[in-house]
Amino acid sequence: MAEAMETEGTPTTSKVKNVLPLDTIESCVGKKVWVIMKNKKELVGTLKGYDDYVNMVMEDVVEYTFTSEGREVTKLESILLNGNNVAMLSTGEPSKPYKVE
């Protein structure tokens, strides 16, 4: 969408680029992503696909669960992740998982 701006009495057009969430997720397909869940879990794996509700299919996943006893690590070949439980999605892999309070 373009906005009209006025400089010294002369109207000019400035381009404003809108970035939509699903466009950002689309750019992550086939790449390693880091997902922080609402339920004290974190997942790192390759994003294979998603839908409009941000339900995601991931492969080669490492799941980190934080408990009072410490951190549990589970390796999963493939998962279908419910988008309602996602708090944050980031490209790449963290140097270490962080506990979400």
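Below are my entries, going from the whole chain to the sheet, the cores and one threonine.

**Entry 1: the overall plan**

I began by noting that this is a predicted model. I then looked up the secondary structure and found one helix and seven strands. Read from the N terminus, the elements run β-β-α-β-β-β-β-β. The protein has 101 residues, and 28% of them count as buried. I also looked at contacts between residues at least 6 apart in sequence, and 41% of these join residues at least 24 apart.

**Entry 2**

In what order do the five strands of the open sheet stand? I wrote down E6-E5-E4-E3-E7, with antiparallel pairing. Strands E6 (70-81) and E7 (86-91) stand at the edges; each has a single partner strand, so one side of each is left without a neighbour in the sheet. From one strand to the next, the twist averages 25°. As a reminder to myself, strands of a sheet pair through backbone hydrogen bonds.

**Entry 3: the nonpolar cores**

Which residues have the most contacts inside the largest nonpolar core? My list reads Val35, Leu43, Leu47, Met56, Met58 and Leu81, in a core of 13 residues. Strand E3 (32-37), strand E4 (41-50), E5 and E6 each supply at least two residues of this core. A second, separate core has six residues, including Trp34, Val44, Val62 and Tyr64.

Not counting residues up to four places away in sequence, Leu81 touches Val35, Met37, Leu43, Val54, Asn55, Met56, Met58 and Val86.

**Entry 4: Thr65**

Is Thr65 buried or exposed? I found Thr65 in strand E5, which covers residues 56-67. Its relative accessible area is 15%, and because buried means under 20%, Thr65 goes down as buried. Setting aside neighbours within four places in sequence, I listed the contacts of Thr65 as Lys40, Lys41, Gly70, Arg71 and Glu72.

Definitions and conventions: Residues numbered from 1 in each chain as written. Predicted model: local features only at pLDDT ≥ 70, side-chain atom pairs only at ≥ 80, totals over all residues. Heavy atoms only, no water. Helix = DSSP H or I, 4+ residues; strand = E, 2+ residues; numbered from the N terminus. Buried < 20%, exposed > 50% of the residue type's maximum accessible area, 1.4 Å probe, protein only. Contact = heavy atoms within 4.5 Å. Pairing = 2+ DSSP bridges. Axes fitted to C-alpha atoms, helices over the stretch in contact; angles between N-to-C directions. Core = buried A, V, L, I, M, F, W, Y, C linked by side-chain atoms within 4.5 Å.
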